[in-house]
Amino acid sequence: MSLRTPFTELFGIEIPVLQAPVWPAASADLVAAVGAAGAMGSIAGVFSRADALLAQIARVRGLSDRPFVVNHLVPSLDEDAFAATLGARPAAVSFALGHPGELVARAHEAGVKVIHQVHTLAQALEVSDLGIDVFVAQGSEAGGQGMAAGVSTMALVPQVADAVAPAPVLAAGGVADGRGLAAALTLGAAGVNVGTRFLASTEASATQPWKAQILGARSEDCVRFETWGAILPASGYDVVPRVIRTPFVDEWYGRFDEAAAQAKRLRGEIMHSARAGTPEALTPFAGQTAGLIGEVLPAAEIVRRMAVDACDALRRGAASCA
Ligand SMILES: Cc1cc2nc3c(=O)[nH]c(=O)nc-3n(C[C@H](O)[C@H](O)[C@H](O)COP(=O)(O)O)c2cc1C
């Protein structure tokens with residue numbers, strides 16, 4: 001089946017779903033499975049040196065000939081890894097967490113399209129003259145890094161869509177099924193950028209305890225952890241992560257000054273658990289859609305259900321108009 005939008009047309013894909021670069025769980029298997037299902041996957045480039053990133057790109061290409069994206073975080077950009085990415089010519093690079101500046105032109109010169117994630121209308125406007133091919137408008141429901149003073153997806157997407165038209169916009173945050181995809185399209189988006197739902201997929205390299213946390217979490221258990229700003233201050237956009245509550249999060253929630261005084265130790269603990277691929281003990285990133293997710297599914301089934309259910313929802317909506 002297909003659900004065509006300007007985003008699918010741009011990349012020659014069938015389903016307007018981008019699997020977000022859910023570091024450290026965006027395995028090559030996940031990226032390839034999403035692509036094979038007609039949507040598009042993202043490799044998470046953060047913390048990867050050039051050789052490791054090239055190896056990951058080769059793994060994805062060994063599994064699938066479908067287009068995919070390689071993500072880089074602007075504030076911590078590794079120049080060698082970025083240059084290697086451009087040399088490998090993925091369908092697109094995606095940027096997040098800061099103003100991408102001349103990185104956009106460099107990608108275009110290499111023949112690579114650019115996707116950029118923003119959290120506010122102001123952030124979209126300040127990059128609107130760079131020629132960005134696709135914008136991601138990330139609302140405050142989203143898992144992972146987002147603005148402490150966030151704007152909901154429902155309010156943000158139409159504003160960004162109006163501001164950057166005709167560039168396609170993907171909605172991020174609050175989308176885990178076909179109803180969310182249909183809602184995003186109705187708000188003026190050309191698709192969705194989905195993280196948490198794909199974390200709870202068979203192919204994601206999230207640990208079983210992390211996946212189990214997502215299945216068990218209610219939306220209100222997924223909190224914006226502002227104390228993070230005292231431990232790992234943002235250097236681009238003013239972001240802190242949305243995480244599932246754990247004893248560690250409960251212990252430090254709201255204790256900004258005390259966390260700042262112990263920042264070095266806490267930073268070491270968080271980074272150790274994240275790089276070990278076991279963030280579930282301390283700060284497991286996840287969005288409010290965790291409350292919508294009841295089972296681990298193969299990525300292809302997630303994509304298929306999203307597309308089928310979105311079309312059903314859109315048809316039902318159209319049928320009620322006189
Ligand atoms: C575990 C996790 C890791 C993430 N890592 C990245 C990343 O490395 N780069 C990035 O641009 N976005 C990252 N994000 C944010 C996503 O791009 C996206 O905005 C978000 O997942 C959408 O919200 P949802 O998780 O509620 O679907 C991450 C999100 C999660 C949940």
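**Helix packing, domain contact and ligand shell**

The axes of α2 (residues 28–36) and α3 (residues 50–63) cross at roughly 40 degrees and come within 9 Å; axes are lines fitted to C-alpha atoms over the stretch in contact, with angles from 0 to 180 degrees between N-to-C directions. Helices are DSSP runs (H or I, at least four residues) and strands likewise (E, at least two), numbered from the N terminus. The model is predicted, with local features requiring pLDDT of at least 70 and side-chain atom pairs pLDDT 80 or more, whereas totals for chains, interfaces and linings use all residues. Residues are numbered from 1 along each chain as its sequence is written.

In this helix pair, Ala28, Asp29, Val31 and Ala32 of α2 meet Gln56, Arg59, Val60 and Leu63 of α3, contact being defined by C-beta atoms, placed from the backbone, within 7 Å.

The domain assignment, automatic or from a database, gives domain 1 (6–204 + 293–319) and domain 2 (208–281).

The ligand is surrounded by 27 residues, the closest being Ala96, Gly143, Gly144, Gly195 and Gly287; a residue is near if its C-beta atom, placed from the backbone, lies within 6 Å. Elements giving two or more residues to this shell are β3 (68–73), β9 (191–194) and α9 (196–199).

Technical notes. Contact = placed C-beta atoms within 7 Å.
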